[in-house]
Amino acid sequence: MKKLITSWIFISTILLVQAQELKVSSNRDQVPSNSSIQITYTIENADKVKNFRPPNFSPFKSRGPSTSTSMQIINGNVSKSESYTYTLIPTKKGSFKIEPATAEINGKQKQSPPINIEVVDAIDQSAQGNTRNQQNQASDAIDEKQLAENL
């Protein structure tokens, strides 16, 4: 029992010592005006997260958040994270700055860095579909060739 309590105190101390910050990432920096982009806010190694507030995503339409949490213990090192993902749909072209999100993390107010997104001309969806079909057909041909070679 003492070992369990000692281990729990040790793990809790590690989590408090590790940096607790609010990070932001996107699946791309440029987005065609007829597509979407995903923005993810991640809080790492925090015991208590309160009042997460996303920024105003204008001039994008936003969907979400989709949330996820994870905890890992690898060789005695504990890490955990909490993520909020938003899908943004552009309403006009241009370069835009998404302001920081904020949250209270372990009793301290934190904010993410801002992120810049460029909305470019729309892409031709039918041309993109044809390119994907051609790539899939080429990939299938390679797979069949490799399969034949292995037999």
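Thr42 lies in strand β3. Helices (H or I, at least four residues) and strands (E, at least two) are DSSP runs, numbered from the N terminus. The model is predicted: local features need pLDDT of at least 70, side-chain atom pairs count only at pLDDT 80 or more, and totals for chains, interfaces and linings use all residues. Residues are numbered from 1 along each chain as its sequence is written, and side-chain values use heavy atoms, with hydrogens and water left out.

Thr42 counts as buried because its relative accessibility is 14%. Buried means under 20% relative accessible area, exposed means over 50%, and partly exposed lies in between (1.4 Å probe, protein chains only). The side chain of Thr42 makes a polar contact with the side chain of Ser83, at 3.2 Å. A polar contact is a pair of N or O atoms within 3.5 Å; within protein, one must be able to donate a hydrogen and the other to accept it, and residues adjacent in sequence count only if both atoms are side-chain atoms. Leaving aside residues up to four places away in sequence, Thr42 touches Glu21, Leu22, Lys23, Ser81, Glu82 and Ser83. Contact here means heavy atoms within 4.5 Å.

Strand β3 belongs to an open sheet of four strands. The order is β1-β3-β6-β5, and the pairing is antiparallel. Two strands pair if DSSP finds at least two bridges between them. The edges are β1 (22-26) and β5 (60-74), each of which pairs on one side only. From one strand to the next, the twist averages 20 degrees. Axes are lines fitted to C-alpha atoms, for helices over the stretch in contact, and angles run from 0 to 180 degrees between N-to-C directions.

Strands β5 and β6 run antiparallel and are joined by 13 bridges. Gln72 stands opposite Ser79 in β6. Ser68 also lies in β5. With a relative accessible area of 41%, Ser68 is partly exposed. Its contacts are Ser81, Glu82 and Ser83, not counting residues up to four places away in sequence. Ser68 and Glu82 are 14 residues apart along the chain, yet their C-alpha atoms are separated by 5.8 Å.

A second open sheet has three strands in the order β4-β8-β9, again with antiparallel pairing. Its edge strands are β4 and β9 (108-111), each pairing on one side only. Neighbouring strands of this sheet are turned by 20 degrees against each other on average, direction ignored. Three bridges join the antiparallel strands β4 and β8. Val49 stands opposite Ile105 in β8.

β2 (residues 30-32) and β10 pair in the parallel sense over three bridges. Pro32 stands opposite Val120 in β10. With β7, the pairing of β10 is antiparallel and covers five bridges. There, Ile98 stands opposite Ile115 in β10. Side chains alternate along β10. Ile115, Ile117 and Val119 point to one face and are buried.

The largest nonpolar core holds 21 residues. A nonpolar core is a set of buried Ala, Val, Leu, Ile, Met, Phe, Trp, Tyr and Cys residues joined through side-chain atoms within 4.5 Å. Tyr41, Phe52 and Leu88 touch the most other members. Two or more residues each come from β3 (37-44), β6 (77-90), β7 (94-98), β8 (102-105) and β10 (115-120). The largest share, four residues, is from β3. Leu88 touches Ser35, Ser36, Ile37, Ile39, Phe57, Phe60, Lys61, Ser62, Ile98 and Ile117, not counting residues up to four places away in sequence.

Aromatic rings were also paired. Rings of Phe, Tyr and Trp (its six-membered ring) pair if their centres lie within 6.5 Å; planes under 30 degrees apart count as stacked, over 60 as edge-to-face and the rest as tilted. The count comes to five aromatic pairs. The rings of Tyr41 and Phe52 have centres 5.9 Å apart and planes at 55 degrees, so this pair is tilted. Tyr41 in β3 and Phe52 in β4 (residues 49-53) are eleven residues apart, and the pair links distant parts of the chain. Both Tyr41 and Phe52 are buried. The rings of Tyr41 and Tyr86 have centres 6.3 Å apart and planes at 75 degrees, so this pair is edge-to-face. Tyr41 lies in β3 and Tyr86 in β6, so the pair ties together parts that are 45 residues apart in sequence. Tyr86 is buried, as is Tyr41. Ring pairs link Tyr41, Phe52, Phe57, Tyr84 and Tyr86 into a cluster.
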